[in-house]
Amino acid sequence: MTTAIDYPNAEPHLGHAYEKLLADFIARYHRQKGEDVFYQTGTDEHGIKIYQTAQEEGLTAKQLVDRNVKKFKEFYKFLNIDYDQFIRTTDQKLHWPGVEKIWKLLKKNEDLYKKAYEGRYCVGCESFKTDKELVKGHCQFHPGKELKIIKEENYFFRLSKYKAQLKKIIKSDEYHVRPKSIKNEILSFLSGDVQDISFSREKNRLPWGIPVPGDKEQVMYVWADALSNYITGIGYGWDARNFKKWWPANAHLIGKDISRFHAVYWPAMLLSAGIDLPKELLVHGFINDAKGRKMSKTLGNVIVPVEQVEKYGVSSLRYYLLRGLPSNQDGNYSEEDLVARHNADLVNNLGNLLNRTVTLIDRTGGKVPKGTFDKKLKKRLETTYSKLQNCVNNFDFHHGVAEIWGFASAVNEYIQDKKPWELSGRALDDVLYSLAEGLKELSALVHPVIPSKAEEIAKQLGLKTVPKFNSAPIKAGTKVKKSDHLFKRI
Ligand code: MSP
């Protein structure tokens, strides 16, 4: 499982946070199923954008990226993003050898050739733009940025050669691009006039990049270098066994502005080098402001994720991003919605359920009694697992999260129905046991969404760790540890 690697030219923003969180949800979900997962993210540190920002700030490019990458790493830790590898494209030990290796393979296959070129370059995208792609003379993703005319002699990658093959692979879902709207966009691009792409830059104009093997005058194009991170991070060029273990990736997760690089350029590079293709490309939507407008400094509507965590806590932000915004379409970020969901779903539903359960058990001796798990709840739990699985498989995470909280509501309704405060003896034991078992499963289920709170639930239930999905039934005699309410009302 991989994410895009971020440009560390500034502080991490909400889009970066959202993507790493979606991937964290997928990774944790599969770990909860007992599967072996490798989650890779990182930073994309070469290119004009980084080079220019460093100049503006009076730093060397290396100083700029070292300072900012530290912030990205701290921030992902803060968000509880549990990745296995953080690959930096300036890493000369892990990244460069694999990039050089793939470059040489493309060259050997005669897919790289030199030619003089003139074009309009968008520094925001780090990409040349054709006339057809412009909206009112500007890049559609960076309307505020002037396009630069660049005239150079560069290496070109023979993308046109792979057009038909790529079309077949994407049409047949051999490389599964989702959602369908993006797949169709890519197929339509592949039906047009697909041109070869510039794959290097003159070193005297842009010294900040990986040198082209055998040519001192050129450095690699930042995307040729960056896309290769998906294989260099797991060992391509430095650990063949590990590479073999993890490649091909099950899924690359990225935003829609970079779908062409991932659905066209990257598989073409792999085809040329004779390396297997990844299985899936998941393209998430963009986060806009509460009114649906793009966030930008000029509009003054930028939401700073660190501030949101400080204000509401990491779990509430994670919950809102995963439950409140659709994973496969654009979504609007609204603090009002975040607060409403926090109070309704986290405080009233999940938090109260834990509090009621632990209080009830505490009052009757503090230990989970011997009993049987209620049949209806058991059935409901099974449905929750299967619906959750469908949602995850369909890249429809917010409905998956809704299913989890639907189970919490069902357990709350069970309390209302059974009225344990009016019961005693065996009947009471069965209800308390069912509540403890239901909550044990809930701590497993909420773990991909709010991991630190899942641990807190497990702890209050008297469990040492958060169990995996569908774990062995909770043991009678387990001593609960009543503690503070899981969430505070905002
Ligand atoms: N460095 C390239 C990716 C190279 S991958 C081999 C890049 N970096 S980025 O920092 O600009 O963006 C990183 C990711 O964040 C991309 O997947 C991008 O789509 C995503 N997002 C950036 N802004 C976003 C939102 N407002 N909303 C959601 N995701 C967005 O592109």
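Student: Which strand does Arg 178 lie in, and what can you tell me from there?

Tutor: Quick caveats to start: this is a predicted model, so local features need pLDDT of at least 70, side-chain atom pairs count only at pLDDT 80 or more, and totals for chains, interfaces and linings use all residues. Residues are numbered from 1 along each chain as its sequence is written, and side-chain values use heavy atoms, leaving out hydrogens and water.

Okay, Arg 178 sits in strand 7, residues 176-178 (strands are DSSP runs of E, at least two residues; helices are runs of H or I, at least four; both are numbered from the N terminus). Arg 178 is buried, with a relative accessible area of 14%; buried means under 20%, exposed over 50% and partly exposed in between, using a 1.4 Å probe and protein chains only.

What does the side chain of Arg 178 do in there? It makes a polar contact with the side chain of Glu 280, at 3.2 Å (a pair of N or O atoms within 3.5 Å; within protein, one must be able to donate a hydrogen and the other to accept it, and residues adjacent in sequence count only if both atoms are side-chain atoms). Not counting residues up to four places away in sequence, Arg 178 touches Glu 280, Leu 281, Leu 282 and Val 283, plus Asn 393, Asn 394 and Phe 395, where contact means heavy atoms within 4.5 Å.

For another buried spot, look at helix 11 (residues 305-312), where Pro 305, Gln 308, Val 309 and Tyr 312 are buried. Helix 1 (14-32) and helix 3 (61-78) are among the elements covering those residues. The face turned away from the buried side carries exposed Glu 310 and Lys 311.
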